[in-house]
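Subject: Structure handover

Hello,

Here is the structure for your files. Please open it alongside this message; my notes follow below.

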Amino acid sequence: MGYLETVIADVNKKYAHQPEFLQAVKEVFESLEPVISKNEEFYKKEAILERIVEPDRQIMFRVPWVDDEGNVRVNTGYRVQFNNSIGPYKGGIRLHPSVNLSIMKFLGFEQTFKNSLTGLPMGGAKGGCDFDPKGKSDREIMAFCQSFMTELCKYIGADTDVPAGDIGTGAREIGYMFGQYKRIRGLFEGVLTGKGLSYGGSLARTEATGYGLLYMTNELFRCHNNTLEGKTVVISGSGNVAIYAAEKAQQFGAKVVTMSDSTGWVYDKDGIDLSAVKEIKEVKRGRISEYKNYRPTAEYHEGRGVWTVKCDIALPCATQNELLIDDAKALVANGVTAVCEGANMPTTIEATKYLQANGVWFVPGKAANAGGVATSGLEMSQNSERLSWTFEEVDAKLQGIMVNIYHNIDNAAKKYGFEGNYVIGANIAGFEKVVNAMIAHGAC
Ligand code: NDP
C-alpha cells in the first residue's frame, strides 16, 4: 500500500464511527494522488496527511438553557478548530438536531481547504449544537444562544477563532451570541461574522454565498462559451444560500423552477416568485408548502424530488448528502449541463463520479460556496480597519474572488492532467497552500 492508501486505511479504522468525516477525507485524499505521488517520501517523512486529517483541537461542552415552561433543557455544543496554518480559525456554527462530532469534523476539514481557496488568511473550523431552533420562541432562542456563547467565548476571539452562521444560525442568533460575548469578555471586536449592519456587519454578507455560487457558475459557463441567459435552474433548499442563489440566477436571466425544505418541494413552471419565498422563510419562518398560497398554479410535493425536474443547471443548496446516485442518473437523463454545490458536500461521492463520467460540469462546494466565508473575511478586514465598505465594493470583491477561485481550480486540474475535473482542482489548490504553510511552521 502506498502512503495515501495507508493513511486512508488508518483513518477509516480509527474513526469508523464518523461516516461523514470519513466521506470528506476520502473525497479529498483520493484527489490528492497526483500531488502526493510526485513527492511521496517527502510528504511521508513530514507526516503531512496524518497531521492534516487530525484537528488542532475539538471542544465539546454542555449547553443548558431554560424553556418557556421553566424546564431546564440540555444540548451538546461543539467547536472543532481544525487547522490555523494560514490564519485564525474561521467557520460557521450549525444549529440542527443532526449535529454530532462526525459532522463537525467533516465540515471543519472541508472548511480548511475552502478558506485556503479564497486567497484570504483564514484557517478552518466548524462549530454547532444539536439544538433544534424549529418551533422555539424568540426568548428560547436567546436563552440558548447566551448559554452556548457563555462556554464558547473561552475559546474564540478576533485573532484566534471567528465563527459565523450556518444552518439554523442567521442574523438573529449571531446577534444574541455577539451580545453575550461582548458582555462576558468586555470586548467589542470582530469575533463573529454575519453580524447586523449596526454593529460591524458587512453589506452583502447575507447574499454572499448564493451570489458567489452564481458568479462561479457564470464564469464556468463563460469559459465554455456559454451563458446563463435562458437556462432552467433547479435549486434545493429555501434557506440563506438557496434564496440568494435564486436571486442572482434570476438576475443573470435564468429561470429557477424549484425550491425545497426538509418537508417538501415546490415546482413553479413560470419561475419561482422569490418575494413569496422570502416572506415565507425570512419573515414568517414558515414552510415551503405555503408557497401555493401565493402561486396557486405551482405544484407542491411532500418529501424529496427536485432532481427529477428537467433542467440545465442543478444547485444543491440545502444540506450534506442530498443528491444521491439515483438523483444524478435522473439529472443526466434529463440533460443537465452543470451541477454546482451551494451546500457543503450535498452530492455523494458515487453521484459525483456518475455526473463527471457523463460529462456534467461539476463544481464542488468547497469552491462554489466559498463566497460566504470570503465575504466573512472581508467583514473581518472592515472590522480591523473600523470602516464599512459599500455594497458595491464588497460585491465587486466577492465577484473577483469567485472568478479567481474558478481559474485556480481549473488551472490546478490542468496542471496535473485532469482538465475539467474541478473536484481534483479544488482539493489540490486548497491543499498546496495549507501544506506549504504547515511545512514552514515545522513539526507542529
Ligand atoms: P439555512 O438554515 O438558511 O437553510 C437550510 C435549508 O436546507 C432549509 O431550506 C432547510 O429546510 C434545508 N435543510 C436543512 N437540513 C435538511 C435536511 N436534512 N433535509 C432536507 N432539507 C434540509 O442554511 P444555509 O442556507 O445557510 O446553508 C445551507 C447549506 O449551505 C449548508 O450545507 C451550509 O453548510 C452551506 N453553506 C452555507 C453558507 C452560508 O453562508 N450560509 C456558506 C457556505 C456553505 P428546513 O427549514 O425545513 O430545515
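First, a definition for residue classes: Ala, Val, Leu, Ile, Met, Phe, Trp, Tyr, Cys and Pro count as nonpolar, Asp, Glu, Lys and Arg as charged, and the others, Gly among them, as polar.

This is a predicted model, in which local features need pLDDT of at least 70, side-chain atom pairs count only at pLDDT 80 or more, and totals for chains, interfaces and linings use all residues. Residues are numbered from 1 along each chain as its sequence is written, and side-chain values use heavy atoms, with hydrogens and water left out.

Pocket and cavity

Both come from a 1 Å grid over the protein atoms alone: a cavity is a set of points where a 1.4 Å probe fits but cannot get out, and a pocket is an open set with protein on both sides within 12 Å along at least five of seven lines. Lining residues have an atom within 4 Å of a point. Points are joined across faces, edges and corners, and a volume is the space filled by probe spheres set on them.

The second largest pocket has a volume of about 450 Å³. It has 22 lining residues, and Gly190, Met380, Gln382, Asn383 and Ser384 are the closest to its centre. The lining splits into nine nonpolar, nine polar and four charged residues.

The whole structure has one cavity of 30 Å³ or more. The volume of the largest cavity is about 100 Å³. Helix H2 (19-31), helix H14 (349-357) and helix H15 (365-368) each give two or more residues to its lining. Helices here are DSSP runs (H or I, at least four residues), numbered from the N terminus. This lining holds four nonpolar, four polar and four charged residues.

Salt bridges

There are 24 salt bridges (a side-chain nitrogen of Lys or Arg within 4 Å of a carboxyl oxygen of Asp or Glu). Lys195 pairs with Glu379, with the closest N and O atoms 2.8 Å apart. Lys195 is in the loop between H8 and H9 and Glu379 is in helix H16 (residues 371-385), so the pair ties together parts 184 residues apart in sequence. Both residues are buried (under 20% relative accessible area; exposed is over 50%, partly exposed in between; 1.4 Å probe, protein chains only).

Glu151 bridges to Lys154 at 2.7 Å between the closest N and O atoms. Lys154 is exposed, at 54%. Lys26, Glu30 and Lys353 form a salt-bridge network.

Best wishes
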